[in-house]
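Trainee: I would like to learn how to read helix packing. Can we work through a case together?

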Amino acid sequence: MPKSSKVTQREHSNEHVTESVADLLALEAPMDYKSSQMSMNMPGGGPPPIGKPDISPDLEDGRPAWNSKLQYILAQVGFSVGLGNVWRFPYLCQKNGGGAYLVPYFILLILIGIPLFFLELAVGQRIRRGSIGVWNYVCPRLGGIGVSSLMVCGFVGLYYNVIIGWSIFYFFQSFQYPLPWSECPIRRNGSQAYVEPECEKSSATTYFWYRETLNITSTIADSGGLNWRMTLSLLAAWIIVCLAVIKGIQSSGKVMYFSSLFPYVVLFCFLVRGMFLKGAVDGIAHMFTPKLEIMLEPQVWREAATQVFFALGLGFGGVIAFSSYNKRDNNCHFDAVLVSFINFLTSILATLVVFAVLGFKANIMNEKCVVENAEKIIGYLNSNVLSQDLIPPHVNFSHLSTSDYAEMYGVIKIVKEDSFAQLGLEPCLLEDELNKAVQGTGLAFIAFTEAMTHFPASPFWSVMFFFMLINLGLGSMIGTMTGITTPILDTFKIRKEVLTVGCCIVAFFCGLLFVQRSGNYFVTMFDDYSAGLPLTIVVILENVSVAWVYGTKRFMQDLEDMLGFRPCIIYFYLWKYVSPVCLIILISASVVEMAISPPGYNAWVQDLAMERFQGYPPWALAMCFALIIVAMLPLPLVFIARHFNWLPDGSNKLSVSYRKSLAKEASNLEDETRFILGKNPSEAPSPMPSHRAYLGPGSTSPVELITNSTSISGYGSGYQTNPAPPKSES
């Protein structure tokens, strides 16, 4: 229809002549909207114009798309299921009441996790932009959300890839028998041989981690120079990540088929193997024995909320970026529930594996404790410190069981009550070994590694374990890098390959901070301060901007238009009231925790061969607070700049595909109007689409879809000369 044409109504109508919808788009850049696809067409809407092929909107607006739904689900699973599922969740379970911890975790997954995960999937899929573009459309004054999200992704990616580098180092070290961390090294001084003192005071796996791998210094102030082996491992890690994401989802999507599925193969193999190990059942039973009195403590709920929050990758931008490559009619509600429960079940699976193996290790250590203390008792018997009458007659020292030792220990403790402490005997209880809570690198590179040295064919299991860690980390890094590159590619015209390689090179050089001999202390610093509080604030602002600024009713209507069905009404109340309140409580608890906990780190003291807590020096303390401030600074800066109109809202830079799709929708509306009001009475009117973009209360005319400056279809500004942000409608 030419721009000069008019849509007129029948002569007997008293209504005025209405301008063509094409005239209302006259201020936009000229385009052949007749040949463009109605990319905002909803399920159940009117049919496309006769004789025109149903062109995929993904191809038309030039945005890449997932090759299959499976590839997309694996990408979201690979991003959300990471190292934290293996070494953080089991620790929290053990610390916070065993099986009872699953109750608050599951409740908070329903109240916070799934609703906010669904929210991020929905806005990414609807607006089809990265984090910066999405929040510029939803609420331009809160556009700093996307920038803060991108910066947190950058901070996390810097140190997260260092962990992948450590795993790569251990992976290659596993190709030898015996494993290099199975025994303490022997030193020679002339003709005399002796065990390395630092190793003898700790353990072989602890020594290998702190001395052979990290070659760590005793304080954060002593950098010690670069650790060249860790530097090469970090370089290898960044090369792998770069190759995985260099083509965007075309390359990362294919990588996800392996990196997302392989960890499950390894976990199931470890679970089956672990169940045949002595003590595995003890470990699992200890894990899932509920301690109900602990479940009611506020700290348990705070840590459960934090774990739910980070397990799903909320606020990082990776979820939104992955979802933005979906078709607009994809059922993102199903995706949110599916991925959330896969993540939850993976955490339980990993917990079973970890405690089956740690139960085996505890049994080994307990038997070792019994042997060492039995030798002490034999020595006391030979020196007449203890009487032979104290030893039960059925006890056989050559085949001493843990129950026999416990009986003997109890008798000696009662009889020698006054001088018992001087004997230096230990109770050797399996429960004590199982209660030694370890997490993070302590679990992966020390406790679990030590347990694998007692496996038959230990190099094979070690190779499998660290290859699993590499793939778990790679899946999360792909999501993190996508959360960085997608918003930049949406905003600036730059080649994807150039941006990816440039980001990886810059990140590698920044990451040299973490491969100094003191680098492990900086990993701890970034893990504690760069993501926790800033990311929580980012997510609550995401929630508020959609539920309160944009309007929950309007958002629910959008979801109905997009999905073809209206989500359960419970989401309305979760987004509007429950999730914001829970997040505010979580932020308050996090701030209180930071205030009462002295900022510091666990330093490895070489002379004592043990960790000791040390406070950060002033310059490191300033660095901690700088990480928080820098990550959150875009939020007030963008708000102030947009409030005083110093910064454009950025939506015009991102609306090329929207102009095409909006113009196509206008074209279809004109065609429908012509069918109804046209001059040829023999033509049957086209049925009205069952789903139309929601215009808010009081809007009746379909032409208002174009003239309304706060059209819902764009999640923000309409296409006028001076776009206005959406008005709040709650």
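Mentor: Take α11 and α23: they are oblique to each other. Oblique is what remains once angles under 35 degrees (roughly parallel), over 145 (roughly antiparallel) and 65 to 115 (roughly perpendicular) are set aside. This is a predicted model, where local features need pLDDT of at least 70, side-chain atom pairs count only at pLDDT 80 or more, and totals for chains, interfaces and linings use all residues. Residues are numbered from 1 along each chain as its sequence is written, and side-chain values use heavy atoms, with hydrogens and water left out.

Trainee: What angle and distance describe α11 and α23?

Mentor: The general idea comes first. Two packed helices are described by the angle between their axes and the distance between the axes. Here, α11 (residues 228-245) and α23 (residues 458-491) pack at about 60°, with axes 10 Å apart.

Trainee: Which residues make the contact?

Mentor: Contact means heavy atoms within 4.5 Å. α11 supplies Trp 238, Ile 240, Val 241, Ala 244 and Val 245. α23 answers with Leu 474, Met 477, Ile 478 and Met 481.

Trainee: Which residues of α14 are buried?

Mentor: Buried means under 20% relative accessible area, with a 1.4 Å probe and protein chains only. In α14 (residues 280-288), these are Ala 280, Gly 283, Ile 284, His 286 and Met 287. They lie on the same side of α14, because their arc around the axis is only 160°.

Trainee: What covers the buried residues of α14?

Mentor: The cover includes α5 (89-95), α13 (262-275), α18 (332-382) and α21 (430-434).

Trainee: And how much of the whole chain is buried?

Mentor: Buried residues make up 54% of its 730 residues.

How values were computed. Buried < 20%, exposed > 50% of the residue type's maximum accessible area, 1.4 Å probe, protein only. Helix = DSSP H or I, 4+ residues; strand = E, 2+ residues; numbered from the N terminus. Arc of directions from axis to C-beta. Axes fitted to C-alpha atoms, helices over the stretch in contact; angles between N-to-C directions.
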